[in-house]
Amino acid sequence: MTATISGFLRGAIDDGDVEARERRKSEYQNFVKLYFDLVTDFYEYGWNRSFHFASRAGNESLAASLARHEHYLAHMLSLRPGKVALDLGCGIGGPLRQMVRFSGARIVGVSISGYQIERARKQTEEAGLSHMAEYVECDFMKMDFPDASFDAVFSIETTCCAPDKVGIFGEAFRLLKPGGCFGAYEYCLTDRFDSQDPQHLRLKADLELGGGLPDIAYPREVDDALRAVGFELLEARDLAAEEPSGIPWYEPLAGSGMSLANFRSSRFGRVVTHGSVWTLERLRIVPQGTLRVSKLLNMAAAAFAKSGQLGIFTPMYFVLARKPERPGGT
Ligand SMILES: C[S@@+](CC[C@H](N)C(=O)[O-])C[C@H]1O[C@@H](n2cnc3c(N)ncnc32)[C@H](O)[C@@H]1O
């Protein structure tokens, strides 16, 4: 595993942006699978069971804000008892279980990481929800489910890992029943991103490498791809730009971290964690290469925080799109 981790990191860093990006696209399966097999324990340590961002109201806990973000999606997709939904890129099933509990719908989650699927099944059994949730290890670019299998399809910060938007949205469209909706929180660059600004370009490259992403799209590319596969776009807006006076999504990564609840994902918590990982690797308690993964994630965390502060990136471009009742119709 050490050689693979080292090769992955060295190759990804040294190749120069364009070449590295093209390689991440053409080899996305290996890249994304390896990335998520490697980082899942770190994610779980830092973020608990939901691997996504959310904005917080002033007195809201991080856990409550993540759950609210998930409930909003379930609500917008009209999930309720008797409905069956598909979660594209389910992580270890934190959002999926929350949405099952909130809505009473049955949900199937897919992930390319076998390790995540293992964790998801175990935690779902512990939660007593196995009858409402199912997990499948597969590539969401080509899934084996029959056409029109689901009432709703959703993804939370995952289609950014796909090598092309038309491919992943086309699969969502195929698997939806006519009239069914696809809802997603998308990673996107904002209008403030300046492709001539070296700092912006560096941050984008760090986000891509540290976040396991082949590329990051602009909102219009997401909208165009949804329409291109046949969806009717019902809503498309950046929820981060609508934040009232609350705490922005990137704050847990940028803040001082002196709150116990956010300690592990905070800047200070990450320094402490990184030091512990260094010691554990020296003592050979964790596998060689773990420190490099920790470094990679720290780089990503710093890039998320800075690009959030600059307003050049959003993890919550929200889209809601409907598959027409009749082909080409509404
Ligand atoms: C940032 S995580 C988000 C996980 C989950 N939605 C959550 O919020 O907790 C991205 C997820 O997408 C999955 N993923 C990425 N590319 C994939 C692919 N080609 N096929 C299936 N799953 C994929 C990863 O395995 C991971 O579970």
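Author: In α4, the buried residues are L62, L66, A67, H69, E70, L73 and A74. They lie on the same side of α4, because the arc they cover around the axis is only 155 degrees. An α-helix has 3.6 residues a turn, so residues three or four places apart point the same way. The model is a predicted one, and what follows describes that prediction.

As for its length, α4 comprises 15 residues, 62-76, which at 1.5 Å a residue should span 21 Å; the C-alpha atoms at its ends are 21 Å apart, so the two agree. After α4 comes S78, with a positive phi near 55 degrees.

Now the core. The largest nonpolar core has 82 residues, and the members that touch the most others are A85, V153, F154, A172 and F182. Strand β5 contributes the most to this core, 8 residues. At least three residues come from each of domain 1 (2-48 + 248-309) and domain 2 (62-190 + 211-245 + 314-322). Leaving out residues up to four places away in sequence, A85 touches L77, L79, A105, I107, F150, D151, A152, V153 and F154.

For the protein as a whole, there are 12 helices and 7 strands, and 43% of its 330 residues count as buried. Of the contacts between residues at least 6 apart in sequence, 76% join residues at least 24 apart.

Methods: Residues are numbered from 1 along each chain as its sequence is written. This is a predicted model: local features need pLDDT of at least 70, side-chain atom pairs count only at pLDDT 80 or more; totals for chains, interfaces and linings use all residues. Helices (H or I, at least four residues) and strands (E, at least two) are DSSP runs, numbered from the N terminus. The expected span of a helix is 1.5 Å times one less than its number of residues. A residue is buried if 20 or more other C-beta atoms lie within 10 Å of its own, exposed if 12 or fewer, and partly exposed in between; C-beta atoms are placed from the backbone. The arc is that of the directions from the helix axis to the C-beta atoms. A nonpolar core is a set of buried Ala, Val, Leu, Ile, Met, Phe, Trp, Tyr and Cys residues joined through C-beta atoms within 7 Å. Domain bounds come from an automatic or database domain assignment. Two residues are in contact if their C-beta atoms, placed from the backbone, lie within 7 Å.
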